[in-house]
Amino acid sequence: MRRHYRFYGRVQGVGFRYRAQQAARSLGITGWVTNLYDGSVEMEAQGREEELDRMVVMIRQSRYVDVSDLTVKEIKEKEGEHSFRII
């Protein structure tokens with residue numbers, strides 16, 4: 001499955017994207033993560049549901065990250081994606 005996420009709170013300048021990439025790689029998740037101009041972080045991630053849920057937990061447990069709000073929606077899977085990138 002593939003999900004689109006939008007994270008709000010203290011999510012920029014705290015290693016969020018790096019932590020997301022580490023978590024994705026450790027769980028075999030593909031996709032991408034990027035900072036947005038409004039201070040939020042946008043992410044698309046693809047993998048098994050349990051792994052996607054675990055990835056969000058891992059990100060939220062990061063020392064300096066403080067997610068105050070999160071939106072999630074399921075989207076169409078992308079074929080041929082082989083990595084998780086920071087953009």
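## Aromatic cluster

Tyr 5, Phe 7 and Phe 16 are joined into a cluster by ring pairs, a pair being two rings of Phe, Tyr or Trp (its six-membered ring) with centres within 6.5 Å. The model is predicted, so local features need pLDDT of at least 70 and side-chain atom pairs count only at pLDDT 80 or more, whereas totals for chains, interfaces and linings use all residues. Residues are numbered from 1 along each chain as its sequence is written, and side-chain values rest on heavy atoms, with hydrogens and water left out.

The structure holds 2 aromatic pairs. In one of them, Tyr 5 and Phe 7 are stacked, at 5.8 Å centre to centre and 15 degrees between the planes; planes under 30 degrees apart count as stacked, over 60 as edge-to-face and the rest as tilted. Tyr 5 and Phe 7 are both buried, that is, under 20% relative accessible area, with exposed meaning over 50% and partly exposed in between (1.4 Å probe, protein chains only).

## Nonpolar core

The largest nonpolar core has 21 residues, of which Phe 7, Phe 16, Met 43, Met 55 and Phe 84 touch the most other members. Such a core is a set of buried Ala, Val, Leu, Ile, Met, Phe, Trp, Tyr and Cys residues joined through side-chain atoms within 4.5 Å. At least two residues of this core come from each of strand S1 (2-10), helix H1 (16-27), strand S3 (41-46) and H2, and H2 gives the largest share, 5 residues. Helices (H or I, at least four residues) and strands (E, at least two) are DSSP runs, numbered from the N terminus.

Not counting residues up to four places away in sequence, Phe 7 touches Phe 16, Ser 40, Val 41, Met 43, Val 56, Val 67, Asp 69 and Leu 70, where contact means heavy atoms within 4.5 Å. Val 56 lies in helix H2 (residues 49-60) and counts as buried because its relative accessibility is 11%.

Glu 51, Leu 52, Met 55, Val 56, Met 58 and Ile 59 are the buried residues of H2. They lie on the same side of H2 because their arc around the axis is only 160 degrees, taken from the directions from the helix axis to the C-beta atoms. They pack against S1, H1, S3, strand S4 (66-75) and strand S5 (84-86).

The buried residues of H1 are Phe 16, Ala 20, Gln 21, Ala 23 and Ala 24. They fall within an arc of 165 degrees and therefore line one face of the helix. The face turned away from this buried side carries the exposed residues Tyr 18, Arg 25 and Ser 26. After H1 comes Gly 28, with a positive phi near 75 degrees.

## Ser 40

Ser 40 is placed in the loop between strand S2 (30-35) and S3, and is buried because its relative accessible area is 0%. Its side chain makes polar contacts with the side chains of Arg 6, at 2.8 Å, and Asp 38, at 2.6 Å. A polar contact is a pair of N or O atoms within 3.5 Å; within protein, one must be able to donate a hydrogen and the other to accept it, and residues adjacent in sequence count only if both atoms are side-chain atoms.
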